[in-house]
Amino acid sequence: MSTPEVRSRGTRLPRTARRSQLLGAAREVFVAQGYHAAAMDEIAERAGVSKPVLYQHFPGKRELYLALVEQHSAEVVELLRGAIENTPDNKQRVANALGAFFDFIDRENESFRLIFESDLTNDPDVRGRVEAVNDQCGRMIAEVIHEETGQPWPECELIGIGLSGMAHVAARFWLQKGRPMPREDAVRLLAGLNWRGIGAIPLHEERAEERLDGTANPVVPVADLTGLGESQETAGRP
């Protein structure tokens, strides 16, 4: 990661603009050095301000780091929300959700490291925020599955947490390996894998059609979605 240029001093900015500038400078330092090695002196110099100006906005390094974690946690949640709400097609939703994680992790500013690779996870506030963003992402996916299928909530929640966890771990691995395949190919590969399982869960309308036909209408257990359980009826469904 290249070292950004230090901002010039002396420019007066509105408070919100100054805060955004300070957060940007802090992100660059934290991403490059980690929390423990980062220094407020360097962050102030990077932002082109004096230390007193930095402390006017953030009383300490920990508060500055927490503000960044909060900012980027909200960002990844909104990216996922937009990806899911962008289409009513469930198969495309799976691909969009995976793509959202890849987009966030593949950004030049590498802000994902503040959430998924933080060296301050022993701090309860940081750990709580990281756990919260993981829970929010998993819950968003779970809510869609639950609404569309009526599958029991505990099963939907587990699937949602599993999919979001796999997505950000796989995206980070892809990035660490130097992007060994195009992003679109990586997303398509993982989306196909996930859809083979999630796509096997009957939708509400499919169950309604079965009831009208007088056919059996069982809730398919999660254990049977890949054909590994006792029932093989859904194993071949695309």
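Tutor: Gladly! The protein chain exposes about 12,600 Å², and carbon and sulfur atoms supply 52% of that area. Accessible areas come from the Shrake-Rupley method with a 1.4 Å probe, and for residues only the protein chains shown count as cover. This is a predicted model, in which local features need pLDDT of at least 70 and side-chain atom pairs count only at pLDDT 80 or more, while totals for chains, interfaces and linings use all residues. Residues are numbered from 1 along each chain as its sequence is written, and side-chain values use heavy atoms, with hydrogens and water left out.

Student: How many helices and strands are in the protein chain?

Tutor: There are ten helices and zero strands. Both are DSSP runs numbered from the N terminus: helices are H or I with at least four residues, strands are E with at least two.

Student: How do you know that the length of helix 8 agrees with its number of residues?

Tutor: The expected span is 1.5 Å times one less than the number of residues. Helix 8 has 24 residues, so it should span 34 Å, and its end C-alpha atoms are 34 Å apart, which agrees. Just after helix 8, Gly178 takes a positive phi of about 80°.

Student: Why is Cys156 called buried?

Tutor: Buried means under 20% relative accessible area, exposed means over 50%, and partly exposed is in between (1.4 Å probe, protein chains only). Cys156 has a relative accessible area of 0%, so it is buried. Cys137 has 3%, so it is buried as well. Of the 238 residues of the protein chain, 45% count as buried.

Student: What covers the buried residues of helix 8?

Tutor: The cover includes helix 5, helix 6, helix 7 (124-149) and helix 9. Among the buried residues of helix 8 are Cys156, Ile159, Leu163, Ala167 and Trp174.

Student: Why is Arg179 called partly exposed?

Tutor: Its relative accessible area is 42%, so Arg179 is partly exposed. Arg179 sits in the loop between helix 8 (153-176) and helix 9 (183-198).

Student: What is the phi of Arg179?

Tutor: Arg179 has a positive phi of about 55° although it is not a glycine. Most residues other than glycine have a negative phi. Glu110 also has a positive phi of about 55° without being a glycine, and it lies in the loop between helix 5 (90-105) and helix 6 (113-116).

Student: What makes Leu190 count as buried?

Tutor: Leu190 has 15% relative accessibility, so it counts as buried. Leu190 is found in helix 9. Leaving aside neighbours within four places in sequence, Leu190 is in contact (heavy atoms within 4.5 Å) with Leu98, Phe102, Met166 and Ala170.

Student: How many residues has the largest nonpolar core?

Tutor: It has 63 residues, and those with the most contacts inside it are Phe30, Ile43, Leu54, Leu64, Tyr65 and Leu80. Helix 4 gives the most to this core, with ten residues. A nonpolar core is a set of buried Ala, Val, Leu, Ile, Met, Phe, Trp, Tyr and Cys residues joined through side-chain atoms within 4.5 Å.

Student: Which residues is Ile43 in contact with?

Tutor: Leaving aside its neighbours within four places in sequence, Ile43 is in contact with Leu22, Ala25, Ala26, Val29, Phe30, Leu54 and Leu64.
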